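Trainee: I would like to learn how to read backbone angles and helix packing. Can we work through a case?

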Amino acid sequence: MLHTSIERRTLTFKRPATTSRGTYDTRTIRLIRITDDDAPGVEGVGECSPLPDLSCDAMSDSDMDMLLVCACDDLCQTGRIDRDALRPYPSVLFGLESAMWQLRRGGSPILSDTPFGRGESGIPINGLVWMGAFDEMMHRMQEKVRAGFKCVKIKIGGIDFEQEVQILSALRSCFGKSEIELRLDANGAFTPADAPNRLDTLAKYDIHSIEQPIKQGQWDEMAKLCASSPIDIALDEELIGVNTPELKDELLDKIRPRYVVVKPTLHGGLSGAKEWIDKARERGIGSWVTSALESNAGLNAIAHFAAEVYGPDFAMPQGLGTGQLFTENIDMPIRIDGQRLFVCTKE
């Protein structure tokens with residue numbers, strides 16, 4: 001018989017994490033622990049950490065606690081995760097799936113039997129530069145370059161657009177396209193009216209892609225942008241709340257993005273994220289996996305998921321560099337070396 005427990009923790013960001021939606025100073029997470037009477041001493045741990053004002057299952061603490069208790073009780077009674085019932089609650093589904101995955105692996109945090117999981121190769125990741133004042137962003141960019149990153153994602157939309165253009169211009173004057181791949185994430189900061197001109201301006205700086213230039217839910221406008229933009233568009237927030245296979249098909253066929261950026265905590269747990277990737281592949285749409293400000297517990301699960309889904313030959317860097325964001329974290333056998341995420345193996 002399965003047994004569960006839930007622990008709530010608060011993580012503090014080393015630096016305030018600013019997006020176009022606001023600033024995060026702390027992060028509340030819940031750790032779901034699962035044990036099995038048939039495997040004494042073995043425990044699986046999964047992370048449930050919806051993002052306030054963003055996740056489709058963001059709710060009050062009391063409501064989330066009640067939902068988690070009900071989901072865990074159902075798991076204990078049936079011995080299985082009711083994925084269809086939990087489709088509207090991706091962060092809960094991600095936590096349960098991650099915990100059960102670790103339990104089935106004998107409690108080991110090494111979740112995948114892959115070159116990554118065996119410590120034979122690392123996952124290429126992008127560096128992340130948060131929004132901030134001009135000098136701050138330039139300093140952070142230089143830090144990422146010195147650390148060895150060849151792909152850097154920059155959050156835009158939180159300060160004046162002209163200042164952001166100045167930053168990109170300064171960066172490109174120092175680092176050419178062959179040296180640094182630049183990805184942008186607008187978090188829906190543009191309007192449908194100003195987006196075309198802004199995309200034209202940004203295209204001058206050899207941008208690989210831009211995530212979510214306008215707010216989600218504007219499918220007609222986003223489809224027009226994807227068809228005409230000089231920069232490849234990736235969908236991120238647009239995928240939130242699109243939980244059924246039928247609606248996923250409809251969205252991808254309507255908007256036809258170049259990429260989808262898949263976050264298991266936001267986009268359907270591990271099973272829902274795999275569904276997005278498979279449906280994108282069927283249409284020739286690229287994808288990469290990104291964490292959503294989880295602790296190392298969630299990050300570890302997402303990394304092993306990416307290793308299984310994409311295999312040893314990653315077509316592009318993944319967004320898995322968030323484990324260094326917090327002043328305190330959960331110990332996991334993962335480390336960043338240069339622009340790659342590795343499993344820490346014993347000598």
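Trainee: In which loop is Arg256 found?

Mentor: This is a predicted model. Arg256 sits in the loop between helix H7 (245–255) and strand S10 (259–262).

Trainee: What is the phi of Arg256?

Mentor: The general idea comes before the case. Most residues other than glycine have a negative phi. Here, phi of Arg256 is near 55°, a positive value in a residue other than glycine. Gln212 also has a positive phi, near 45°, and is not a glycine. Gln212 lies in the loop between strand S8 (207–211) and helix H6 (219–228).

Trainee: Is Gln212 buried or exposed?

Mentor: Gln212 is buried, because its relative accessible area is 0% and buried means under 20%. Arg256 has a relative accessibility of 41%, so it counts as partly exposed.

Trainee: How are two packed helices described?

Mentor: By the angle between their axes and the distance between the axes. In this model, the axes of helix H2 (residues 90–104) and helix H8 (residues 269–282) cross at roughly 105° and come within 6 Å. H2 is therefore roughly perpendicular to H8, since angles of 65 to 115 degrees count as such.

Trainee: Which residues make the contact?

Mentor: H2 contributes Pro90, Leu93, Phe94, Glu97, Ser98 and Trp101. From H8 come Gly269, Leu270 and Ser271.

Trainee: How many residues of the contact of H2 with H8 are nonpolar, polar and charged?

Mentor: By class, the contact has 5 nonpolar, 3 polar and 1 charged residues.

Notes
Residues numbered from 1 in each chain as written. Predicted model: local features only at pLDDT ≥ 70, side-chain atom pairs only at ≥ 80, totals over all residues. Heavy atoms only, no water. Helix = DSSP H or I, 4+ residues; strand = E, 2+ residues; numbered from the N terminus. Buried < 20%, exposed > 50% of the residue type's maximum accessible area, 1.4 Å probe, protein only. Axes fitted to C-alpha atoms, helices over the stretch in contact; angles between N-to-C directions. Parallel < 35°, antiparallel > 145°, perpendicular 65-115°, else oblique. Contact = heavy atoms within 4.5 Å. Nonpolar A, V, L, I, M, F, W, Y, C, P; charged D, E, K, R; others polar.
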